[in-house]
Amino acid sequence: MSDAIHLERRAVPDGTVAVPGDKSLTHRAILLGALAEGVSRIDSPLDAADTRASAAVARALGARVAWREGQGATVEGHGASGLTEPSQLLDCGNSGTTLRLAAGMATGLPAGALTVLTGDASLRARPMRRVVDPLARLGAQAWTRAAGTPPVAVRGGGVTGGAVETAVPSAQVKSALLLAGLLGRGPVRVAERVATRDHTERMLAAMGARLERSGLATTVFPGPLRPLAHRIPGDPSSAANWWVLAAITGGRLVTPHVLLNPARIGLLAVLRQAGAEVHAEVEDEVPEPVGTVAVAHRGPLSPIRWDPADVPTLVDEVPLAALLATQAHGRSRLDGLSELRVKETDRLHEVARGLSLLGAQVVEHADALEILGPTPLRGAALDSHGDHRLAFVWAIAAAIAEGGVDLRGAAAVSVSYPGFWEALAGTGAVAVSQVPSAAAAGPSEQTGKIGQA
Ligand code: S3P
């Protein structure tokens with residue numbers, strides 16, 4: 001698929017879409033597998049640019065990762081003492097999860113070993129003091145550039161232990177600190193002010209780590225991990241595209257075998273609040289809840305609001321929630337969004353800008369979006385700016401935009417959902433075609449007006 005594409009709305013979708021494996025779980029299965037003693041088997045991993053970055057980092061730290069396209073992966077670790085000093089800079093690509101979790105792991109390398117983690121231009125602009133500062137408080141030696149951005153450098157030797165509270169709600173930061181504790185010399189207690197996804201805690205426990213969880217705090221004790229066989233369920237953040245597509249078009253879409261960890265599916269509550277019909281049936285509970293979700297829409301959509309404390313449960317789905325709000329009858333207010341400014345792009349700003357170009361009424365606040373609906377969307381020329389979540393939301397918007405969407409940066413979907421364009425065309429909701437290369441090379445955006453608070 002070329003990087004500039006044209007999207008044209010088609011039929012109301014009705015059917016089933018199987019989504020690829022969960023990104024957060026795949027990262028963790030690979031990286032934790034690298035810390036275990038023995039061979040971990042990962043079925044249905046997400047095979048995408050971000051998770052391949054984790055596999056490359058695991059290899060560079062001494063694990064053997066065998067991953068054949070379309071098949072599962074195996075990770076052979078040699079325990080914490082088998083971790084080796086990488087001979088090169090570790091390129092984490094676009095993946096914040098890889099870089100932050102690996103920073104925690106790198107503290108567990110032998111004393112003196114140096115690990116330097118970097119990534120693409122987007123990742124090199126993202127804040128890393130949030131992980132380096134608490135690692136230092138636990139006794140690690142870790143550094144960022146003066147601006148607090150990557151490269152991040154970490155010396156091995158193991159943290160001494162202690163208690164820290166994360167400054168921002170971030171499962172990546174929490175996970176890095178827990179991994180440092182697992183590989184360190186004394187227990188580490190990590191407290192959060194707001195709950196974030198707990199996949200690391202669940203996976204560590206399933207691999208035999210000693211963990212004590214109490215409220216919003218987890219204490220991890222240094223110790224070995226045993227390898228595990230994981231079957232990775234579908235990614236709810238990928239399924240979210242199809243849930244919102246059904247809700248805004250008046251269609252019905254079913255996503256089987258999706259991860260239903262409560263810390264990941266806040267969007268389902270938002271869809272229900274908006275008046276969509278949502279059926280989520282948990283079919284399996286251990287180590288993570290998994291099940292089938294069906295979303296259908298009947299009647300007009302209602303405006304949405306949420307408690308900022310719930311944002312971590314839908315942090316990657318906010319662009320889709322904002323699109324949903326453009327079709328709701330009334331004023332929606334999406335609060336607590338400051339973390340969106342430090343994702344792969346300033347997503348808060350880009351969502352406000354793109355929705356405005358599509359004709360929606362949006363006001364961008366410092367950490368909120370106010371959206372007045374319903375607005376019939378019109379076609380526009382949009383850009384993902386290399387951010388997969390923006391590519392997805394503009395693609396879903398094309399299903400209701402009169403006049404079609406020209407999208408630059410379509411290849412960004414490969415970060416988390418390589419088959420996305422085929423899946424979208426498969427729903428029948430949007431026709432996807434190439435933009436002739438001459439047109440694709442021209443200026444990409446119209447000027448749109450965003451209300452500023
Ligand atoms: C992730 C945590 C979230 C999320 C990201 C994946 C994880 O990031 O946005 O896509 O796997 O732990 P933050 O920890 O920065 O909130």
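Student: Which residue caps the N-terminal end of helix 1, and how do I read that?

Tutor: Helices here are DSSP runs of H or I with at least four residues, strands are E runs of at least two, and both are numbered from the N terminus. In this structure the cap is Asp22, with a side-chain oxygen 3.2 Å from the backbone nitrogen of Ser24. A polar contact is a pair of N or O atoms within 3.5 Å; within protein, one must be able to donate a hydrogen and the other to accept it, and residues adjacent in sequence count only if both atoms are side-chain atoms. Keep in mind that this is a predicted model, where local features need pLDDT of at least 70 and side-chain atom pairs count only at pLDDT 80 or more, while totals for chains, interfaces and linings use all residues. Residues are numbered from 1 along each chain as its sequence is written, and side-chain values use heavy atoms, leaving out hydrogens and water.

Student: How many residues does helix 1 have, and what span does it reach?

Tutor: The expected span is 1.5 Å times one less than the number of residues. Helix 1 (residues 23–35) has 13 residues and reaches 19 Å from first C-alpha to last, close to the expected 18 Å.

Student: Is helix 1 mostly covered or mostly uncovered?

Tutor: Buried means under 20% relative accessible area, exposed means over 50%, and partly exposed is in between (1.4 Å probe, protein chains only). Helix 1 is mostly covered, with 13 of its 13 residues buried. Helix 3 is mostly covered too: eleven of its eleven residues are buried.

Student: What do the buried residues of helix 3 pack against?

Tutor: Contact means heavy atoms within 4.5 Å. The partners of helix 3's buried residues are helix 1, helix 2 (49–60), strand 7, helix 4 (129–137), strand 9 (152–155) and helix 5 (171–182).

Student: Where does Thr200 sit, and which side chain does its own side chain contact?

Tutor: Thr200 is in helix 6 (residues 199–206) and is buried, at 0% relative accessible area. Its side chain makes a polar contact with that of Arg28, at 2.7 Å. Leaving aside neighbours within four places in sequence, Thr200 is in contact with Arg28, Leu32, Ser175, Leu178 and Leu179.

Student: And Gly112, buried or partly exposed?

Tutor: Gly112 is partly exposed, with a relative accessible area of 39%. You'll find Gly112 in the loop between helix 3 (96–106) and strand 7 (114–118). Not counting residues up to four places away in sequence, Gly112 touches Glu85, Arg155 and Gly156.

Student: At what angle do the axes of helix 7 and helix 8 cross?

Tutor: Axes are lines fitted to C-alpha atoms, for helices over the stretch in contact, and angles run from 0 to 180 degrees between N-to-C directions. Under 35 degrees counts as roughly parallel, over 145 as roughly antiparallel, 65 to 115 as roughly perpendicular, and the rest as oblique. For helix 7 (residues 236–249) and helix 8 (residues 266–274), the axes come within 11 Å and cross at roughly 5°, so the two helices are roughly parallel. At that meeting, Ala240, Trp243, Val244 and Ala247 in helix 7 contact Leu267, Leu268 and Leu271 in helix 8.

Student: How about helix 11 and helix 12, at what angle do they cross?

Tutor: Their axes come within 12 Å and cross at roughly 15°, so helix 11 and helix 12 are roughly parallel as well.
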